[in-house]
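Trainee: I would like to go through the aromatic side chains with you, taking the ring pairs one at a time.

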Amino acid sequence: MLLFEKTVNSHSIKRIWYNENTKNLFVKFKTDYIYSYDCVPLEIFNGLVGSASVGKYFAENVKGQYPHHNLGKIFKKNTSDFKEKDRILTMLSKLIEEDK
């Protein structure tokens with residue numbers, strides 16, 4: 001699985017992940033809630049991480065454009081272990097894919 005992770009400079013978004021195999025975009029907001037967006041092209045993820053205004057790009061190109069799931073607060077604030085995050089996001093991607 002190819003999972004990309006990026007901390008972003010935004011007023012509303014903390015971090016984003018992208019699963020290239022399942023095309024799931026995971027967005028962690030400043031509220032610590034994580035949403036998964038389905039069937040997001042890699043170009044959208046690249047545009048998001050490369051944007052001068054991540055929040056604006058997200059609002060214009062992701063929000064309301066793709067099916068999404070509120071995953072709640074699944075990471076503890078002190079969870080910095082990438083392997084653990086990768087494991088959780090991989091599991092969630094598989095569950096979302098199976099549910100389609």
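Trainee: Which residues do ring pairs link into a cluster?

Mentor: This is a predicted model, in which local features need pLDDT of at least 70 and side-chain atom pairs count only at pLDDT 80 or more, while totals for chains, interfaces and linings use all residues. Residues are numbered from 1 along each chain as its sequence is written, and side-chain values use heavy atoms, with hydrogens and water left out. Rings of Phe, Tyr and Trp (its six-membered ring) pair if their centres lie within 6.5 Å, and planes under 30 degrees apart count as stacked, over 60 as edge-to-face and the rest as tilted. The cluster that ring pairs join consists of Phe29, Tyr35, Tyr37 and Phe58.

Trainee: How many aromatic pairs does the structure hold, and is the pair of Tyr18 and Phe45 stacked or edge-to-face?

Mentor: The total is six aromatic pairs. For Tyr18 and Phe45, the ring centres are 5.2 Å apart and the planes meet at 20 degrees, so this pair is stacked.

Trainee: How many residues apart are Tyr18 and Phe45?

Mentor: Helices (H or I, at least four residues) and strands (E, at least two) are DSSP runs, numbered from the N terminus. Tyr18 belongs to strand E2 (residues 13-19) and Phe45 to helix H1 (residues 42-50), so that the pair links distant parts of the chain, 27 residues apart.

Trainee: Is Tyr18 buried or exposed?

Mentor: Buried means under 20% relative accessible area, exposed over 50%, and partly exposed in between (1.4 Å probe, protein chains only). Because its relative accessible area is 0%, Tyr18 is buried.
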